[in-house]
Amino acid sequence: MAKQTVEVSVASERAEAYGGVLIAFFAALMAISQLVNGELEEEMMIAHNKLVNYSSWYQSKSIKESLKESELDNLEALLYTNAVAEEKRDFVYSKIEKTKAQIKKYKAEKHEILIGSKNIEKKDWTQDLDGKMGVITGINEWKVLAQKYDIATRKFDFGVLFFKLV
């Protein structure tokens, strides 16, 4: 009985080795892309969440400001109609000044919440966050961050799709 030998070319072995390395490389690249994409999606969700929270915070300041403006109108109407006794007028004038100061404060707080602390002068900081001044990231800034993360996430999604097609 004669032995049959099978010859395997060296070129064929090299091609298989290179192919295996390329497959492993693309698999690793896709895994890294998916990991980065997951991080970007998480950051995008955080930015959208902060945008909604800060918008609600801004709205609450607007409501408070509106209530104080109504209070101011009522106090001024009382004075205008002479409905306040002479001995009580100083109290009403004092209340009007306090109300005007609160309206001004709410306007400043809304402004800082809208554009962020870093976009206004330090002396104009009025709104604290967890007891710290100057740390407000504004609604407008959160919008920009959310859009950037959204665009980056879409690009990575297309990249992962490309890898899966290849």
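**Salt bridges**

Guide: Start with Lys-107, which is partly exposed at 45% relative accessibility. Keep in mind that the model is predicted.

Visitor: Which residue does Lys-107 form a salt bridge with, and how far apart are the closest N and O atoms?
Guide: The partner is Glu-69, with the closest N and O atoms 3.7 Å apart. Lys-107 lies in helix 2 (residues 89-115) and Glu-69 in helix 1, so the pair ties together parts that are 38 residues apart in sequence.

Visitor: Is Glu-69 buried or partly exposed?
Guide: Partly exposed, with a relative accessible area of 30%.

Visitor: Which residues are linked with Glu-69 and Lys-107 in a network?
Guide: Glu-65 and Lys-110 are linked with them in a network of salt bridges.

Visitor: Changing topic, what do the side chains of Lys-68 and Glu-71 meet in?
Guide: A salt bridge, at 3.0 Å from N to O. The two residues are 3 apart in helix 1 (residues 10-80), which means a separation of about one helical turn.

Visitor: Which of those is buried?
Guide: Lys-68, with a relative accessible area of 17%; the cut-off for buried is under 20%. Glu-71 has 22%, so Glu-71 counts as partly exposed.

Visitor: What about Asp-124, which residue does it form a salt bridge with?
Guide: Lys-123, with the closest N and O atoms 3.3 Å apart. Lys-123 is exposed at 66% relative accessibility, while Asp-124 is partly exposed at 35%.

Visitor: How many salt bridges are in the whole structure?
Guide: A search finds 11.

Terms used: Residues are numbered from 1 along each chain as its sequence is written. This is a predicted model: local features need pLDDT of at least 70, side-chain atom pairs count only at pLDDT 80 or more; totals for chains, interfaces and linings use all residues. Side-chain values use heavy atoms; hydrogens and water are left out. A salt bridge is a side-chain nitrogen of Lys or Arg within 4 Å of a carboxyl oxygen of Asp or Glu. Helices (H or I, at least four residues) and strands (E, at least two) are DSSP runs, numbered from the N terminus. Buried means under 20% relative accessible area, exposed over 50%, partly exposed in between (1.4 Å probe, protein chains only).
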